[in-house]
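Subject: Structure handover

Hello,

Here is the structure we talked about. My notes on it follow below.

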Amino acid sequence: MELSAEMIVTVGGMTASIVTSFAVVKSKVSQLEDDIKEASKRINALDARLDRNDTATDLVSQRLSVISGMLDPEKRERLHRSLERLQVQTETLRRDVDTLQKMHSGRHLPVDGLKHD
């Protein structure tokens, strides 16, 4: 096999083409790696935001559950009945105390054998 000028030029051209292709591929791979890193950062940021939103949503859901439990018509009715019962008892006790105060003269007589100050 003889090496002619044509063959040397052809091999040189092919070598230059391979080296150029390698450089282009290396550049594109580097660019794709940068794009993947950027996309990964954005996905992580979105994931963090999604976690915060999930936490906030769960918190609002818990608060809503507590409030709806507090405003439950049955519970409200029981509370109002209990308050009304307490109010009636208070009024009855007040009348009893007023009656006892009217009966008491305010004087304390000494008891035989005991000394009072």
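A helix here is a DSSP run of H or I with at least four residues, and helices are numbered from the N terminus. Val 24 falls in helix α1 by that assignment. Please keep in mind that this is a predicted model.

Overall form

The secondary structure consists of 2 helices and 0 strands. Helix α1 covers residues 5-70, and helix α2 covers residues 73-103. The C-alpha trace spans about 150 × 40 × 20 Å along the principal axes of the protein. The radius of gyration is 47 Å, whereas a compact globule of 117 residues would come out near 13 Å.

Burial and surface

How much of the protein is made up of buried residues? Of the 117 residues, 1% are buried. The accessible surface amounts to about 11500 Å², and carbon and sulfur atoms account for 60% of that surface.

Helix α1

Leu 3, Met 7, Ile 8 and Val 11 make up a nonpolar patch on the surface, and their accessible area together is about 380 Å². Met 7, one of these residues, is located in helix α1. Its relative accessibility is 32%, so Met 7 counts as partly exposed; the partly exposed class runs between the buried limit of under 20% and the exposed limit of over 50%. Patch members need over 30% relative accessible area, and Met 7 has 32%.

Val 24 is also partly exposed, because its relative accessibility is 46%. Between Val 24 and Ile 8 there are 24 Å in space, C-alpha to C-alpha, for a separation of 16 residues in sequence. Ile 8 belongs to the nonpolar patch described above.

Side chains of opposite charge can pair when their charged atoms come close. How many salt bridges does the structure hold? There are 3 salt bridges, taken one by one below.

- Glu 74 and Arg 78: the closest N and O atoms of this salt bridge are 4.0 Å apart. The two residues both lie in helix α2 and are 4 residues apart, about one turn of the helix. Arg 78 is exposed, with a relative accessible area of 52%, and Glu 74 is exposed too, with 55%.

- Glu 77 and Arg 81: the side chains form a salt bridge at 2.5 Å, N to O. Both residues are in helix α2, with a spacing of 4 residues, about one turn of the helix. Glu 77 has a relative accessible area of 42%, so this residue is partly exposed.

- Arg 94 and Asp 98: in this salt bridge the closest N and O atoms are 2.9 Å apart. Helix α2 holds both residues, and they are 4 residues apart, about one turn of the helix. Arg 94 counts as partly exposed because its relative accessibility is 45%. Asp 98 is partly exposed as well, with a relative accessible area of 30%.

The 4.0 Å listed for Arg 78 and Glu 74 should be read with the cut-off in mind, which asks for a side-chain nitrogen within 4 Å of a carboxyl oxygen.

Charges

The protein has 18 positive and 19 negative charges, and the mean positions of the two sets are 11 Å apart.

Regards

Note on methods. Residues numbered from 1 in each chain as written. Predicted model: local features only at pLDDT ≥ 70, side-chain atom pairs only at ≥ 80, totals over all residues. Heavy atoms only, no water. Patch = residues over 30% accessible without salt bridge, like charges linked within 9 Å, V, L, I, M, F, W, Y side chains within 5 Å. Areas by Shrake-Rupley, 256 points an atom, 1.4 Å probe, with all protein chains shown as cover. Buried < 20%, exposed > 50% of the residue type's maximum accessible area, 1.4 Å probe, protein only. Rg over C-alpha atoms; globule rule 2.2 N^0.38 Å. Lys, Arg positive; Asp, Glu negative; His and termini not counted. Charge placed at Lys NZ, Arg CZ, Asp CG, Glu CD.
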